[in-house]
Amino acid sequence: MNPKSLILLEYHKVLSRLKTHASFEASEALAGKLRPTSSLEKALQLQQQTREARHLLNLLGDVSFHGAVDLLPLTDRALHGVTLEAAELLGVRNTLVISREARRQITEHADEVPLLADMATGLSEGSGMVDAINRTVNERGEVLDSASDELNRIRSELKVTHGRLIERLSRYLTDSKSAHMLQETLITQRNGRYVLPLRAEFKGRIKSLVHDQSASGAT
């Protein structure tokens, strides 16, 4: 079908409406590229796929790829040695889970929807990738200690060091020789550093560095 005929039929409006029903970016892009076929065999096949899709929706109520992301840009970056962000890894995991569930739903009704079942065999089941990402990133997009042995070791050392730091600072809060020098008996932070609120008149009495001072100059 020539472009002029498509314009006269307002085919672009049909595609625009179809794209609003797409579940994610990749399917929306595919919908926008659809063109009529001049092959009768192909047309009949597409119509049968549509009938099977309607039948499957009547059986299951919903088969959706909502929440999936287009993996092509992410896999391309990974193949070129670019490290994916935690949020991107979650997108990969969620997409694989959605893909696995859709494959299961469709293939379970292969006798009734053979064309769709044949297409569904191309959907990935994750091949261990889902479990690997679950060991690496939590639902908040934070990298877990279990992501690697080295990261686990470093974070363990940081926890021990942090505990020692807080313990040492806490001694100033409870020691009678220093507690009275503090404006408040608490440990706070300034510019990412742990500090004690020392009263100005005792400056120099505790071996330390001054990181900040209050607006009044009293602390």
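Predicted model: local features only at pLDDT ≥ 70, side-chain atom pairs only at ≥ 80, totals over all residues.
Helices here are DSSP runs of H or I with at least four residues, strands are E runs of at least two, and both are numbered from the N terminus. Residues are numbered from 1 along each chain as its sequence is written, and side-chain values use heavy atoms, with hydrogens and water left out.

**How pockets are defined**

- On a 1 Å grid over the protein atoms alone, a pocket is an open set of points with protein on both sides within 12 Å along at least five of seven lines, whereas a cavity is a set where a 1.4 Å probe fits but cannot get out; lining residues have an atom within 4 Å of a point.
- Points are joined across faces, edges and corners, and a volume is the space filled by probe spheres set on them.

**Largest pocket**

- Its volume is about 1,900 Å³.
- The lining has 40 residues, and Ser-27, Leu-30, Phe-65, Leu-116 and Met-119 are the closest to the centre.
- Two or more lining residues come from each of α2 (11–19), α3 (25–32), α4 (40–60), α6 (86–107) and α7 (114–120).
- Helix α4 gives the largest share, eight residues.
- By class, the lining has 26 nonpolar, 10 polar and four charged residues, where Ala, Val, Leu, Ile, Met, Phe, Trp, Tyr, Cys and Pro count as nonpolar, Asp, Glu, Lys and Arg as charged, and the others, Gly among them, as polar.

**Second largest pocket**

- This pocket has a volume of about 960 Å³.
- Of its 30 lining residues, Val-195, Leu-196, Ser-208, Leu-209 and His-211 lie nearest the centre.
- Elements that supply two or more residues to this lining are α9 (149–174), β1 (188–190) and β2 (193–195).
- The largest share, four residues, belongs to α9.
- Its lining divides into 13 nonpolar, nine polar and eight charged residues.

- Ala-26 sits in helix α3 and counts as buried because its relative accessibility is 18%; buried means under 20% relative accessible area, exposed over 50%, and partly exposed in between, with a 1.4 Å probe and protein chains only.
- From Ala-26 to Leu-72 the C-alpha to C-alpha distance is 8.9 Å, although they are 46 residues apart in sequence.
- Gln-105 is buried too, with a relative accessible area of 17%.
- Leaving aside residues up to four places away in sequence, Gln-105 touches Leu-60, Asp-62 and Val-63, where contact means heavy atoms within 4.5 Å.
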